[in-house]
2 protein chains.
Amino acid sequence: MALIVHKYGGTSMGSTERIKNVARRVAKWHDAGYQVIVVPSAMSGETNRLIGMAKEISPQPDPRELDMLASTGEQVSVALLAMALHSVGKEAVSYAGWQVAIKTDSAFTKARIQSIDDTKVKADLDAGRVVIITGFQGVDDGGNIATLGRGGSDTSAVAIAVAMKAQECLIYTDVDGVYTTDPRVVSDARRLNTVTFEEMLEMASLGSKVLQIRSVEFAGNYRMPTRVLSSLTDPMIPLEVEVNSGTLISFEEDTHMEQAAITGIAFNRDEAKITVLGVPDKPGIAYQILGPVADANIEVDMIIQNQSVDGKTDFTFTVPRGDYAKAMDTLELHVKSHIGGSITGDAKVSKVSVVGVGMRSHVGIASQMFRTLSEEGINILMISTSEIKISVLIDEKYMELAVRALHKAFGLENA
Amino acid sequence: MALIVHKYGGTSMGSTERIKNVARRVAKWHDAGYQVIVVPSAMSGETNRLIGMAKEISPQPDPRELDMLASTGEQVSVALLAMALHSVGKEAVSYAGWQVAIKTDSAFTKARIQSIDDTKVKADLDAGRVVIITGFQGVDDGGNIATLGRGGSDTSAVAIAVAMKAQECLIYTDVDGVYTTDPRVVSDARRLNTVTFEEMLEMASLGSKVLQIRSVEFAGNYRMPTRVLSSLTDPMIPLEVEVNSGTLISFEEDTHMEQAAITGIAFNRDEAKITVLGVPDKPGIAYQILGPVADANIEVDMIIQNQSVDGKTDFTFTVPRGDYAKAMDTLELHVKSHIGGSITGDAKVSKVSVVGVGMRSHVGIASQMFRTLSEEGINILMISTSEIKISVLIDEKYMELAVRALHKAFGLENA
């Protein structure tokens, strides 16, 4: 009998009514002969409520205690979902992470799953029960609860699917799949039936925040077919429709053989750019500049170092806009006293990327991208490339225009 | 170093501000050189909120899942209290019942504690940490969370105090001790410095709902000195004042040697009385009448069977007023078809009791009680007695009058 893992997000679990709908959907799969494991998130708002109380007590709560606290949100969800399944006539049992031995390391609030014991769950499934397991959490060697960090329920679901050798992991969420770009920006953006694991990584990290990126990495490492689909449809839609809805993250190299070179246009509005001008061009200079930024826990994305002139060079990088002021403060002091040179920055820039594994075998993608932007009069501030994506940094005010123009130029509105 | 267990009720844990006060109070004890274990209840309202969601999903939720759900309330409390202790500079660690192996049977929603492993807690205490343990819950042999039922945190606290060989178990609550009677009825009711275990059992079961009765039984079985005291005082009042505040439940037989025969007047307003008239006086008749009542889950309290006349007798008993209609319905049918006789009842009666271990060695307590009621013109409907209490059933409208008259007659306003 095929085993399937369902993961439901906080919105899908947001009220007792919605939990009943989740139960109906799960029961439908079970009725069709599937063994089902369900991994629900905390009810929407619950994790924020808990963390809010913690912050009222202490500005910097102890991570172990924060995990003890936050993990209760998912425990509430699994118990309520088990009751909802009982009331639609299904045998079901809920488990907290520690009860099925989801072992993690001890990095509280950002733990990683190390192993899952399948004994208990297998016995329940074989006895015809739906098994419901808390997402987001496990237990370390010392018997302490450790959470995986925000969005960790996606990772839990994929890890459980891998450990239990599931046929597919279904991530039910409030969007109906992965699109060629954000439909709020491009009205004829098209839902993708499949994306490759690598494309999904680029799409996710570039702003299409559908799945927690660690869950995609996990799925990729273990080649677990993972589908993103909507939990907002009628729970009783026919199974044969639901099975093929959403977007499948695939690990088959040939999925895209007949498809277009480009899969989608990703973007991130909230970038900021910092340039250190006239720094001495000598070994170790990148580390000297970026070291203090990393120490301040600021993530650096694109990095460019120009050809040097007269032993001096310019060094430019981007940071999330929210960290711009902090990064500038950190650098001002450091550059003046240790490196020399001056600093300039721009907090109103955005990143636009074309993504696609097909790019590997198609020449001319970059030139078509640059020509399209040029025809729209959009100046490119920075460029960075990888095997399957090309990103450009542009003035924030041109972002929507760039996304729309590129979406059209690469013909993404046609299937 | 003396070990002390603190238990805080839901009101004391009712907000982040109050939790900070609990932390200040616990820190004061720790500063004074005590090792401290804290057992907090769920924040007030939280258990009801959780059970409410369960009832929205299913009118009769599965008990195992109900425990999985309800146990999260205490887990939230222990984590927040640990954070609050950290912010007043104390090392503290929180544990759910399963983490310190509070083993219970599998009677979900009304489990009983079987054993507690002291290894982990002892190591923490010896390392100078305050240890915070969830009340109300443990884990069964199958690794399932089981709760002890409403008020179970009192029982957890006493059981932990016993297992850890604590010097005293302090139950912090929103009253400042056990009184000679309810101060809302008798304005000069006096707080008792000590009550014996047996008196506390009678006072608790008769309506002075200060402590869960099972916790008193537990304390009695293991002779654990247990003190009820107020959590509403300033947390920074001097320790020497706090140490002797509240009411100590004592297990020393001689505590009362010099004291009055009577400790207090307990009462329960909401009683109802049912009489089956003219039933055949033959063996098994009590069981035949009360069997169906017990099967309907109705608790029977006082029971009287009159001397029979001509082979017929009258049989009278009391039930909680809320169960009166149900009990009458149950009996109507049953008595008519199986026993013979007629039924009459009164749903406006109350029970008043005088309680005191001193009663054992003092004659004339009963006659003084009956004379006092007679002088007030109060008719006695039923009488029942035990070693340390005499209870009478009277018309509801005389209840306050009876309590006040008895309180005065036995001189309870004087220390």
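Let's start with one residue, I365(A), which is partly exposed because 19 other C-beta atoms lie within 10 Å of its own, while a residue needs 20 or more to count as buried. Keep in mind that everything here comes from a predicted model. I365(A) sits in helix α12 of chain A, which covers residues 365-375.

Who does I365(A) touch? If you skip the neighbours within four places in sequence, I365(A) is in contact with A261(A), I262(A), V354(A), M359(A) and I390(A). There's also F410(A): it is 45 residues away from I365(A) in sequence, yet the two C-alpha atoms are 9.0 Å apart in space.

## Where chain A meets chain B

Now for the contact between the chains, which takes 28 residues from chain A and 28 residues from chain B. Which helices of chain A supply at least two residues each to the side that touches chain B? They are α1 (16-31), α2 (46-57), α3 (63-70) and α4 (72-87). The one that gives the most to this side is α4(A), with 11 residues.

As for the kinds of residue, the side of chain A that touches chain B is made up of 15 nonpolar, 9 polar and 4 charged residues.

## How the two copies are related

In general, two copies of a chain are related by a rotation about an axis and a shift along it. Here, chain A is superposed on chain B by a rotation of 180 degrees with 0.1 Å of shift along the axis, and the RMSD is 0.1 Å. The two copies are therefore related as by a two-fold rotation axis.

Which residue of chain A has its C-alpha nearest the axis? That's T72(A), whose C-alpha is 2.8 Å from the axis. Both copies use the same surface, too: 100% of the contact residues of chain A recur in chain B.

Technical notes:
Residues are numbered from 1 along each chain as its sequence is written. Chains are lettered from A and ligands numbered from 1 in the order in which they are written. This is a predicted model: local features need pLDDT of at least 70, side-chain atom pairs count only at pLDDT 80 or more; totals for chains, interfaces and linings use all residues. Two residues are in contact if their C-beta atoms, placed from the backbone, lie within 7 Å. Helices (H or I, at least four residues) and strands (E, at least two) are DSSP runs, numbered from the N terminus. Ala, Val, Leu, Ile, Met, Phe, Trp, Tyr, Cys and Pro count as nonpolar, Asp, Glu, Lys and Arg as charged, and the others, Gly among them, as polar. Copies are superposed by least squares on the C-alpha atoms of residues with pLDDT of at least 70 in both. A residue is buried if 20 or more other C-beta atoms lie within 10 Å of its own, exposed if 12 or fewer, and partly exposed in between; C-beta atoms are placed from the backbone.
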